[in-house]
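Let's take a walk through a protein model together. Keep the structure open beside you and follow along.

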Amino acid sequence: MLKVMSGGGQQPAGKQNLQFESYACNYTRATGIWQTVWMEAVHPEGLKSVQVVTDIDQQQVVIRPRFYKELGGKLEVSLLDNGKVVAKQTVSTSSLSTVVLPVKNMKTWSPESPFLYDVKYKVINKQGKVVDEVDAYVGMRKVHIEGNKIYLNNKPYYQRLVLDQGFYPDGIWTAPSDAALKRDIELSMECGFNGARLHQKVFEERFHYWADKIGYITWGEASSWGMDVNDPVTARNFITEWAEIVERDMNHPSILIWTPTNEQFWPDRVQYPRLMGDLYTLTKMIDPTRPFHGASGGTHIATDIWTVHDYEQDPEKLKAILYNDGKLAGTPKWEIQLKPQNIGYNPLKYTDQYAFPEYKMDMPYLVDEFGGIKWNPAQQIESAQNTSWGYGEPPRSLEEFYARLEGQVNAVLSLSEYIWGYCYTQLTDVEQEQNGIYYYDRTPKFDMKLIRSIFSKEPEQK
């Protein structure tokens, strides 16, 4: 008997299945508190939050603090490089205060060199007593867009991402330990990836901490599947949750892109554009420092980057789908992109205007889902007993798997003049979906040296 979750499409579920049993690319549901809960006694005049903006062009850190109560105290902020204070400023404990710390001989943060400055905050009351102290860190980095490329620290940066679902055999959405969060990043980097799409789940803050420390770029996403994006009440609920996500995680240097939804293929022409426009505007108001990516691989309305999902298994056919090579000779570059309308209804082409005319569609184009090659040695030959799931016809041998994988990656890399980054599906198997680089328990499925040699390839600079 089929059992469907209640909620009328007004509650996001992510990859948690809406039916009673797991199926296709939907997995076991989680209930109750599934992330770490932090509880701490804080002084009434304590520091509530900060917004940190790293301005590498002017070599400075700009900090906007907020307090629980403003009673005429002082906030002292110190920036440290390996224990040595390199900048300090004291301001009043007011929400109007702005801390500006110059950073001489600046060290930037990147996956290749993930340097972090320590930051110490001290709230001092009128009587001169320290009533609150906070230890933090900051990574000096900048992400921006020029033409069809994403830049990191003012240099074009090609993103070789993997899809990370964040599911675990023993905890579902709950990681078994802090070490497990760190290990997932290490496993991905051992494959040759430099980052991940954190897919359909708001990841633990400790995951972002380890990404900052180790040097691993991510796209912050929400669990948008399961909700009706055409429903005004759903939109109202989701906007509130999304604002909380951005406010919580915006100071992590490892997060490069905000992606609130995934594969919205069935939107209407009124409520969905309104939702996407509101999400775009709200996100930019909270955090103007990152590109906004409204619907990964779906119907684009308001977005800073253009993405497609395609699981064509034949490498040559994949390349032909992504780029209409030879069929549009002499056509301007921005009109050569194929799959401009994605899957299903989409009123916009890559070359068109947004639904909002002030935004121009001259932007990076990424394949942020492809691959998904199914490999389960125990069920290599399809049969009635095969309950596993993956994309396309599975390879019949390891040699065929490696050839298909490398062919797909090469196809995307060969189009780097047009396509500036990819995301491979996926890091691990999850329950019945068996197209990961690792098994669900995080043990390797393949020759990891060979896997790394494929995913560590860089595109030719054109």
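About 510 Å³ of space lies in the second largest pocket. What do these words mean? On a 1 Å grid over the protein atoms alone, a pocket is an open set of points with protein on both sides within 12 Å along at least five of seven lines, while a cavity is a set of points where a 1.4 Å probe fits but cannot get out; a lining residue has an atom within 4 Å of a point. Grid points are joined across faces, edges and corners, and a volume is the space filled by probe spheres set on those points.

Before going on, a word on the source: this is a predicted model, where local features need pLDDT of at least 70, side-chain atom pairs count only at pLDDT 80 or more, and totals for chains, interfaces and linings use all residues. Residues are numbered from 1 along each chain as its sequence is written, and side-chain values use heavy atoms, with hydrogens and water left out.

Back to our pocket. Its lining has 21 residues, and Trp-34, Trp-173, Val-202, Ser-223 and Glu-241 are the ones nearest its centre. Sorted by class, the lining of this second largest pocket gives 10 nonpolar, 6 polar and 5 charged residues. Here Ala, Val, Leu, Ile, Met, Phe, Trp, Tyr, Cys and Pro count as nonpolar, Asp, Glu, Lys and Arg as charged, and the others, Gly among them, as polar.

Now try the largest pocket, with about 1600 Å³ of space. It is lined by 33 residues, and Lys-48, Ser-49, Val-134, Glu-205 and Arg-248 lie nearest its centre. The elements giving two or more residues to this lining are β1, β2, β6 (117–124), β7 (130–138), α2 (205–214) and α3. Those labels come from DSSP runs numbered from the N terminus: helices (H or I, at least four residues) and strands (E, at least two). In the lining of the largest pocket, 15 residues are nonpolar, 5 polar and 13 charged.

Next, the strands. β1 (residues 47–55) and β2 (residues 60–67) pair in the antiparallel sense over 8 bridges; two strands pair if DSSP finds at least two bridges between them. They form a hairpin with 4 residues between them, and Gln-59 in the turn has a positive phi of about 55 degrees. To see the pairing, look at Val-52, whose bridge partner in β2 is Ile-63. β2 also pairs with β5 (residues 99–102), antiparallel again, over 4 bridges. Elsewhere, an open sheet of 3 strands runs in the order β8-β9-β10 with antiparallel pairing.

Finally, the aromatic rings. The structure holds 21 aromatic pairs. Rings of Phe, Tyr and Trp (its six-membered ring) pair if their centres lie within 6.5 Å; planes under 30 degrees apart count as stacked, over 60 as edge-to-face and the rest as tilted. The ring centres of Phe-193 and Phe-455 are 4.3 Å apart and the planes are at 35 degrees, so this pair is tilted. Phe-193 lies in the loop between α1 (178–190) and β12 (195–198) and Phe-455 in helix α8 (residues 448–455), so the pair ties together parts that are 262 residues apart in sequence. Both Phe-193 and Phe-455 are buried, where buried means under 20% relative accessible area, exposed over 50% and partly exposed in between (1.4 Å probe, protein chains only).

Compare Trp-242 and Trp-258: their ring centres are 5.8 Å apart and their planes at 85 degrees, so the pair is edge-to-face. Trp-242 is in helix α3 and Trp-258 in strand β14 (residues 255–259), 16 residues apart. Are they buried or exposed? Trp-242 is buried, with a relative accessible area of 1%, and Trp-258 is buried too, at 0%.
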